[in-house]
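Me: I'm new to reading protein models. Can you walk me through this one?

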Amino acid sequence: MNTKSLSKHYGTLSAAERLSLLMAAGARGDDVEHARVVAAAPWETWRVPDTFGRALAFLAVFGQHRMERLELAALFFKTSALADSATEPLATRLRDAARLYGYLVRVHG
């Protein structure tokens, strides 16, 4: 499909439609199309308090920390389930690993 001829209509698209096109172009690795969609989007100016940037950074760090804790919790439950279904001596090693993951969940809280 020739998207160059369609690009002249990108300015009439809604923000949601442009986002869909941006994601599709990114998934295809089409940098040229991505640049066309970005160039067609109108710019907005926002006024925010001076703490906005730091609050946004804190939110990103908090989200990353939470995902890491959830991953440790998932590993704890997975190794616990594997330990319950395994035979010795593997079951002992899996219980030890589950205890380690439980400890890591607790200390990274």
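Reply: Accessible areas come from the Shrake-Rupley method with a 1.4 Å probe, and for residues only the protein chains shown count as cover. By that method the protein exposes about 9000 Å², with carbon and sulfur atoms supplying 63% of it. Keep in mind that this is a predicted model, where local features need pLDDT of at least 70, side-chain atom pairs count only at pLDDT 80 or more, and totals for chains, interfaces and linings use all residues. Residues are numbered from 1 along each chain as its sequence is written, and side-chain values use heavy atoms, leaving out hydrogens and water.

Me: What makes the pattern of the protein α-α-α-α?

Reply: Helices are DSSP runs of H or I with at least four residues, and strands are runs of E with at least two, numbered from the N terminus. The protein has four helices and zero strands, which gives α-α-α-α along the sequence.

Me: Why is the protein called more spread out than a compact globule?

Reply: The radius of gyration is taken over C-alpha atoms, and the globule rule is 2.2 Å times the number of residues to the power 0.38. For 109 residues the rule gives 13 Å, but the protein comes to 24 Å, well over that, so it is more spread out. The C-alpha trace spans about 70 × 45 × 20 Å along its principal axes.

Me: What share of the residues in the protein is buried?

Reply: Buried means under 20% relative accessible area (exposed is over 50%, partly exposed in between; 1.4 Å probe, protein chains only). In the protein, 13% of the 109 residues are buried.

Me: Where is P89 placed?

Reply: P89 is in the loop between α3 (52–85) and α4 (90–107). The peptide bond from E88 to P89 is cis, with omega near 5°.
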